[in-house]
Amino acid sequence: MLDATSQSLQYALDGLTMRQTVLADNIANQGTPGYQAKAVDFESAMSDALDGGHAPDVTPTVAGTGAASQPDGNNVDLGDSLVGMQATTMRYQTVSEALSSKFQLIKDSSAGNF
């Protein structure tokens, strides 16, 4: 069983994974008439849960971006989506390293390696 910190880091990884998937869908549908870009929010739920002193246990939410549509009804902004992919990748790497470090710390402390 994971502690609250590990659960929160895992939740962040899940949210970032979902965000990468949604951004990839947006990019893939950049030229699809009528396609409406989507975005993922997990930070709000995570912040609320952590402020309340417990680990988040909700599913990240996916919703439309509300951006203005082009004449064909598509509202994907390719530049924003590509920047979002890069930022999400960097955040995923950071959170992944934090979780890995936490597990290494637990492993070292259980082995008596302080």
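Predicted model: local features only at pLDDT ≥ 70, side-chain atom pairs only at ≥ 80, totals over all residues.
Me: In which element of the protein is confidence lowest, and in which is it highest?
Reply: The mean pLDDT of the protein is 90, and 97% of its residues reach 70 or more. Helix 2 has a mean of 85, the lowest, while strand 1 (residues 38-41) stands at 96. Confidence is therefore lowest in helix 2 and highest in strand 1.

Me: How are helix 1 and helix 2 oriented to each other, roughly parallel or roughly antiparallel?
Reply: Helix 1 spans residues 4-28 and helix 2 spans residues 43-51, and their axes lie 10 Å apart. The two pack at an angle of about 170°, and angles over 145 degrees count as roughly antiparallel. Helix 1 and helix 2 are therefore roughly antiparallel.

Me: Which residues of helix 2 make the contact with helix 1?
Reply: From helix 1, the contact draws on Ser8, Tyr11, Ala12 and Arg19. The contact residues of the two helices divide into 5 nonpolar, 1 polar and 2 charged. On the side of helix 2, they are Glu43, Ala45, Met46 and Leu50.

Me: Which element gives the most to the lining of the largest pocket?
Reply: The largest pocket holds about 220 Å³ of space. Its lining has 18 residues, and Leu23, Lys38, Thr65, Asp80 and Ser81 are the closest to the centre. Helix 1, strand 1 and helix 3 (78-110) each supply at least two residues of this lining. With 6 residues, the element that gives the most is helix 3.

Definitions and conventions. Residues numbered from 1 in each chain as written. Heavy atoms only, no water. Axes fitted to C-alpha atoms, helices over the stretch in contact; angles between N-to-C directions. Helix = DSSP H or I, 4+ residues; strand = E, 2+ residues; numbered from the N terminus. Parallel < 35°, antiparallel > 145°, perpendicular 65-115°, else oblique. Contact = heavy atoms within 4.5 Å. Nonpolar A, V, L, I, M, F, W, Y, C, P; charged D, E, K, R; others polar. pLDDT = per-residue confidence, 0-100. 1 Å grid on protein atoms, 1.4 Å probe; cavity = no way out; pocket = protein on both sides within 12 Å on 5 of 7 lines; lining within 4 Å. Points joined across faces, edges and corners; volume = space filled by probe spheres on them.
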